[in-house]
Amino acid sequence: MISFEVDETSDVPLWAQLRQRIAYLINSGELKPGEKLPTVRGLASEISINYNTVNKAYLSLVSDGYLESTRGRGVFVTDIASRFEESEFSQAQALMDDCICACRELGMDFKDIEKTFVRHVKRLRYEAEHEEDGGKIIDFDKAKGKNGSMAKEV
């Protein structure tokens, strides 16, 4: 059974509130690895919210590695902590919590924070992939010569 109360005063969408609650229950150890969660329809009925809201929360948790969904078997809690050393996981989580709190203090909502994180991670991944290949990103404004033509890099 998942205990969940909607925070009507929050600007966080309902599906994200549910997602955060389930992630908290997993991180706190209340939901154990391998434990089967209620079906989407079952949980929606149990906590009196829309089926699509629960589905979106579950999909997000599956995407982030908290849950594993197997057609015909159900949705299960994964052992997300086993992917990292326990201390590395909690250190990383603490850093992210600090960063999210700082962003909230700047007035950002959770959706904007998530978009910013995703963009930043994609940019860093792109740079890392191209750095390994020996590729180089050229700033064309800086690369222009005095006559406006491209300067050659040797």
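This is a predicted model: local features need pLDDT of at least 70, side-chain atom pairs count only at pLDDT 80 or more; totals for chains, interfaces and linings use all residues.
Colleague: Fine. What pattern does the protein follow along the sequence?

Modeller: Reading along the sequence gives α-β-α-α-β-β-α-α-α. That is six helices and three strands.

Colleague: How much of the protein is buried?

Modeller: Of its 154 residues, 24% count as buried. The exposed surface comes to about 11,400 Å². Carbon and sulfur atoms supply 52% of that area.

Colleague: And contacts? What share comes from residues 24 or more positions apart?

Modeller: They make up 43% of the contacts with a separation of 6 or more.

Colleague: Switching to charge. Which residues gather in the positive patch on the surface?

Modeller: Lys56, Lys111, Lys115 and Arg119.

Colleague: Which helix gives the largest share of the patch?

Modeller: Helix H5, residues 110-132, with three residues. Arg119 lies in that helix, H5.

Colleague: Is Arg119 buried or exposed, and why?

Modeller: Exposed, because its relative accessibility is 56% and the cut-off for exposed is over 50%.

Colleague: Now Ser60. Where is that one found?

Modeller: In helix H3, which covers residues 51-63.

Colleague: Buried or exposed there, and why?

Modeller: Ser60 counts as buried because its relative accessibility is 15%, and buried means under 20%.

Colleague: What is Ser60 in contact with, leaving aside neighbours within four places in sequence?

Modeller: Trp15 and Arg19.

Note on methods. Residues are numbered from 1 along each chain as its sequence is written. Side-chain values use heavy atoms; hydrogens and water are left out. Patches are made of residues with over 30% relative accessible area and no salt bridge: like charges are joined within 9 Å, nonpolar side chains (Val, Leu, Ile, Met, Phe, Trp, Tyr) within 5 Å. Accessible areas come from the Shrake-Rupley method with a 1.4 Å probe; for residues, only the protein chains shown count as cover. A salt bridge is a side-chain nitrogen of Lys or Arg within 4 Å of a carboxyl oxygen of Asp or Glu. Lys and Arg count as positive and Asp and Glu as negative; His and the chain ends are not counted. The place of a charge is taken as NZ of Lys, CZ of Arg, CG of Asp or CD of Glu. Helices (H or I, at least four residues) and strands (E, at least two) are DSSP runs, numbered from the N terminus. Buried means under 20% relative accessible area, exposed over 50%, partly exposed in between (1.4 Å probe, protein chains only). Contact means heavy atoms within 4.5 Å.
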